[in-house]
Amino acid sequence: MGKGGVGKSTSAALTSLFWARKGFQVMLVSLDPAHNQSDIFEKTLSDKPLQITTNLSAIEIEQTYWIRKYLKDVQQQINRTYSYLTAFNLEKYFTVIKYSPGLEEYALVLAFEKIHKDFEELDYLVFDMPPTALSLKFFSLPSLSLVWVDHLLVLREEIIKKRELITKIKLGRKEIERDKVLKKIDEIRRQYQKLKAIFEDPEWTQIYLVLNPDRLSQAESVRIFDALKEMGIPIYQTIQNKMGGHASCEAIEAAFSRIPRLIFPYSEKPLIGINNLAQFLDINDHVVSEQIGVR
Ligand SMILES: Nc1ncnc2c1ncn2[C@@H]1O[C@H](COP(=O)(O)OP(=O)(O)OP(=O)(O)O)[C@@H](O)[C@H]1O
Ligand SMILES: [Mg+2]
């Protein structure tokens, strides 16, 4: 996480390469629709994993694919549950719906779950995150949805109770056990509870907050820290990037005094291409090895 241009993608590339060179199996996942990893590694990345070097592969999440998938799933669900209605054709409205508020974060969450499942045997999944606003929505989606889902559960149970009066006479059977909607709501609830637990547990999710010595990036970092704290999600480490000379991040020293920090100096040589990245890690090995946590 971090303000635009502070070096999130570069830091994700550097830390991924660092762990890969230590012998860990790493997948670098670009969740940012801007997809800068292709430029950083000078390789054409796609939604299929591409090996960059020993132990390191990278993949780009195609947001439109996941938005389409999410909408298709919803459409199927509606058609299945309400089969008595005329088939609902969402495809017709896709071009408009894909710009609906909220869809981007749903798409990212779906993609995240899939990546998490497909590559769970790897040592590290490194996510290059989208801009702050979208990233915060992504992290808050499980808790927010749970508030919704809990209300839906209560509503559905009420509906079932009321309907039961009628079905009792008609069928004389309880409907609650075979209510499709209730089952689906419960399924969604379990899915979000699992995600929420993954985001909140530092054993699973370690958020690196990248910042620069300038005031604006430090101010945004404090806001990100506060927003995540409200969600119960801790910051694992800060990366003070593009540091040089007498630069310091004093504005955040007090607020972040308990969070371990990693310092990446300003690099005169562009941090593009695997050789330059590897050279940067070699030059800064004394700092990096001490400071990047290895689980
Ligand atoms: N330590 C560094 N020294 C010098 N240049 C750096 C350093 N880190 C990053 N840069 C450069 O800063 C620019 C922005 O970096 P990067 O794209 O990684 O930032 P970002 O936070 O991912 O941006 P965005 O918000 O657009 O996703 C790039 O040109 C990158 O090469
Ligand atoms: Mg980036």
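Which helix is Thr 81 found in? Thr 81 sits in helix 3, residues 63–81. Helices here are DSSP runs of H or I with at least four residues, strands are runs of E with at least two, and both are numbered from the N terminus.

A word on the model. It is predicted, so local features need pLDDT of at least 70 and side-chain atom pairs count only at pLDDT 80 or more, while totals for chains, interfaces and linings use all residues. Residues are numbered from 1 along each chain as its sequence is written, chains are lettered from A and ligands numbered from 1 in the order in which they are written, and side-chain values use heavy atoms, with hydrogens and water left out.

Back to Thr 81. Is Thr 81 buried or exposed? Thr 81 is buried, because its relative accessible area is 15%; buried means under 20%, exposed over 50%, partly exposed in between, with a 1.4 Å probe and protein chains only. Leaving out residues up to four places away in sequence, Thr 81 touches Lys 180 and Val 181. Contact means heavy atoms within 4.5 Å. Ala 107 is 26 residues from Thr 81 in sequence, and the C-alpha atoms are 22 Å apart.

Now the pockets. The largest pocket has a volume of about 1400 Å³. A pocket is an open set of points on a 1 Å grid over the protein atoms alone, where a 1.4 Å probe fits, with protein on both sides within 12 Å along at least five of seven lines; lining residues have an atom within 4 Å of a point. Volume is the space filled by probe spheres set on the points, which are joined across faces, edges and corners.

Which residues lie nearest the centre of the largest pocket? They are Tyr 70, Lys 184, Ile 188, Gln 191 and Tyr 192, out of 38 lining residues. Helix 7 gives the largest share of that lining, 11 residues.

The second largest pocket holds about 730 Å³. Its lining has 32 residues, and Leu 125, Val 126, Phe 127, Trp 204 and Gln 206 lie nearest the centre.

Last, ligand 1. It is surrounded by 16 residues, the closest being Lys 8, Ser 9, Thr 10, Asn 241 and Ser 267; the cut-off is a heavy atom within 4 Å. An N or O atom in the Thr 10 side chain is 2.5 Å from an oxygen atom of ligand 1. Asn 241 puts a polar side-chain atom 2.8 Å from a nitrogen atom of the ligand. For Ser 267, a backbone N or O atom lies 2.8 Å from a nitrogen atom of ligand 1.

Notes: A polar contact is a pair of N or O atoms within 3.5 Å; within protein, one must be able to donate a hydrogen and the other to accept it, and residues adjacent in sequence count only if both atoms are side-chain atoms.
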